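Work through these exercises with the model open beside you. Each task is followed by a stepwise solution.

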Amino acid sequence: MKLLILGPPSLTSEELINEALSAHDLKPTLIVVGEESDFHKTIHRLFSSATLTRLKKFKIDWKNCKRPGAVEKEGKYGKYNSKAGFHRDEDMIDFIKEEDGVVLIIEQNSDTDSIKKMVVKAGIEPLLFNCMKSENKEVLYRL
């Protein structure tokens, strides 16, 4: 099974990520994940040595100012596409949709609202794992 794991950039709890996978009984053979944030680094650490799981990483292409929808800005390192992170997320969602994969969104706070809307707009019903309920009692629900 192909799985795209999304979550807030600050989520680094390996235990929580494993609980989210277990709660939905997910045993992926390919995990699609971005790069850059602490959340993505945690996913890499968790699964880079797993023998049955491969990682497909999507990097943010800050320099691609020619992509449709790009917003070019100038910073201390030169010109960049300020929508590059958004475009990377679109690319991951498009890939998982083409592969008939599953999307798991680990919700910790409102940081995941925009990505949830993007997934639903793409016609995918994500699996949700809410980890911010009282006393670490996780609540599962679907959109």
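**Exercise 1. Find which residues D38 touches, leaving out residues up to four places away in sequence.**

Step 1. Apply the contact cut-off: heavy atoms within 4.5 Å. D38 then touches P9, L11 and T12.
Step 2. D38 is found in helix α2, residues 38-47. Helices here are DSSP runs of H or I with at least four residues, strands are E runs of at least two, and both are numbered from the N terminus.
Step 3. Check the separation. D38 and S10 lie 28 residues apart in sequence, yet their C-alpha atoms are 5.8 Å apart.
Step 4. Classify the exposure. Buried means under 20% relative accessible area, exposed over 50%, and partly exposed in between, with a 1.4 Å probe and protein chains only. D38 has 43%, so it is partly exposed.

A note on the source: this is a predicted model, where local features need pLDDT of at least 70 and side-chain atom pairs count only at pLDDT 80 or more, while totals for chains, interfaces and linings use all residues. Residues are numbered from 1 along each chain as its sequence is written, and side-chain values use heavy atoms, without hydrogens and water.

**Exercise 2. State where confidence is lowest and where it is highest.**

Step 1. Take pLDDT, the predictor's confidence in each residue, from 0 to 100. The protein's mean is 85, and 86% of its residues reach 70 or more.
Step 2. Compare elements. Confidence is lowest in strand β8 (residues 139-142), with a mean of 38, and highest in β5, at 96.
Step 3. Over residues 134-143, pLDDT stays under 50. Where pLDDT is low, predicted coordinates should not be read in detail.

**Exercise 3. Describe how β4 and β5 pair.**

Step 1. Recall the criterion: DSSP must find at least two bridges between the strands. β4 (residues 72-75) and β5 (residues 78-81) are antiparallel, with 4 bridges.
Step 2. Look at the link. The two strands form a hairpin with 2 residues between them.
Step 3. Pick out a facing pair. K73 stands opposite Y80 in β5.

**Exercise 4. Identify the residues with the most contacts inside the largest nonpolar core.**

Step 1. Define the set: buried Ala, Val, Leu, Ile, Met, Phe, Trp, Tyr and Cys residues joined through side-chain atoms within 4.5 Å.
Step 2. The largest core has 19 residues, and I5, I43, L104 and I106 have the most contacts inside it.
Step 3. Assign elements. Those giving two or more residues to this core are β1 (2-6), α1 (14-23), β2 (30-34), α2, β6 (102-107) and β7 (127-130).
Step 4. Note the other core. A second, separate one of 17 residues includes I93, I96, M118 and V119.

**Exercise 5. Explain why the buried residues of α4 lie on the same side.**

Step 1. List them. In α4 (residues 113-121), I115, K116, M118 and V119 are buried.
Step 2. Turn to the opposite face. S114, K117 and K121 are exposed there.

**Exercise 6. Locate D25 and D100, which have a positive phi although neither is a glycine.**

Step 1. Most residues other than glycine have a negative phi.
Step 2. D25, with phi of about 50°, sits in the loop between α1 and β2.
Step 3. D100, with phi of about 55°, lies in the loop between α3 (84-98) and β6.
Step 4. Check exposure. D25 is exposed at 54%, and D100 is exposed at 71%.
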